[in-house]
Amino acid sequence: ERGARLAGDDSLWLREAVGATAAHGLTGGWFLREGATQRQFQPLPTARQAAQTRLAAIVVLTPDASSEPRRLDPLAAVQTLLRHRHRPNIPALLGRDADVLACCTRIAASIPIYALGLVEGDSEAAAKAITTASLDHD
């Protein structure tokens, strides 16, 4: 409704590009909860899908009750990126932990990272908070 495009439902591949951070994800739709346990896939029209997009900010959803996005300090931003990696043991097995830390540090230094509390199942409130907040775009 507001012209946004979905880069991914729950997992993104973040890639450093010249002067930017690019995100790639599975963009065909998203899973919405119906009731306490049922998740239903909702497809998106092609015009609302973003196969690759330049990120202006990252908003990490958290289980607390804050209703406004809170910008993370540099250390918390890096820690958040590291905590939300998919399969973090693989770089460790390959001896690439230092590379991953360096990459997360560069991403956290290049774009603002926010935390936003999300009440379980209330994705509409989170979307509204993100679209109406004054997010810094460094």
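Start by selecting Ile90, which sits in helix 2 (residues 89-93). The model on screen is a predicted one. Ile90 counts as partly exposed because its relative accessible area is 41%, between the 20% and 50% limits.

**The whole chain**

Zoom out and colour by secondary structure. The chain has four helices and eight strands. Followed along the sequence, their order is β-β-β-β-β-β-β-α-α-α-β-α. The accessible surface of the chain is about 9400 Å², and carbon and sulfur atoms hold 55% of that. Of the 138 residues, 29% are buried. Among contacts with a separation of 6 or more, 61% are between residues 24 or more positions apart.

Go back to helix 2 and select Arg87, in the loop between helix 1 and helix 2. Arg87 is not a glycine, yet its phi is positive, at about 55 degrees. Is Arg87 buried or exposed? Its relative accessible area is 53%, so Arg87 is exposed.

Select Pro88, which is also placed in the loop between helix 1 and helix 2. Pro88 has a relative accessibility of 36% and therefore counts as partly exposed. For a distance to display, pick the C-alpha atoms of Pro88 and Val100: these residues are 12 apart along the chain, and the atoms are separated by 9.4 Å.

**A salt bridge**

Next select Arg96 and Asp99 and show their side chains. The two side chains meet in a salt bridge, with 2.5 Å from N to O. How many salt bridges does the count come to? The count is one. Arg96 is partly exposed, because its relative accessibility is 44%. Asp99, at 41% relative accessibility, is likewise partly exposed.

**Helix 1**

Move to helix 1, residues 74-83, and begin at its N-terminal end. Asp73 caps that end: one of its side-chain oxygens lies 3.1 Å from the backbone nitrogen of Leu75. Which residues of helix 1 are buried? They are Ala76, Ala77, Val78, Thr80 and Leu81. When looking down the axis, bear in mind that an α-helix has 3.6 residues a turn, so residues three or four places apart point the same way.

Pick Thr80 out of helix 1. Thr80 is buried because its relative accessibility is 6%, under the 20% limit. Apart from neighbours within four places in sequence, Thr80 is in contact with Val60 and Leu72.

**Leu72 and the core**

Follow that contact to Leu72. Not counting residues up to four places away in sequence, Leu72 touches Ala77, Thr80, Ile113, Tyr114 and Ala115. Leu72 also belongs to the largest nonpolar core, which has 16 residues. Which members of this core touch the most other members? Select Ile58, Leu72, Leu81, Ala108 and Ile113 to see them. Two or more core residues come from each of strand 6, helix 1, helix 3 (97-110) and strand 8 (113-117). In soluble globular proteins, nonpolar side chains tend to be buried together.

**Strand 6**

For the last stop, select Val59, found in strand 6 (residues 58-62). Val59 counts as partly exposed because its relative accessibility is 25%. Show the C-alpha atoms of Val59 and Tyr114: they are separated by 4.7 Å, although the two residues are 55 apart along the chain.

Methods:
Residues numbered from 1 in each chain as written. Predicted model: local features only at pLDDT ≥ 70, side-chain atom pairs only at ≥ 80, totals over all residues. Heavy atoms only, no water. Buried < 20%, exposed > 50% of the residue type's maximum accessible area, 1.4 Å probe, protein only. Contact = heavy atoms within 4.5 Å. Areas by Shrake-Rupley, 256 points an atom, 1.4 Å probe, with all protein chains shown as cover. Polar contact = N/O pair within 3.5 Å; in protein donor to acceptor, adjacent residues only side chain to side chain. Core = buried A, V, L, I, M, F, W, Y, C linked by side-chain atoms within 4.5 Å. Salt bridge = Lys/Arg side-chain N within 4 Å of Asp/Glu carboxyl O.
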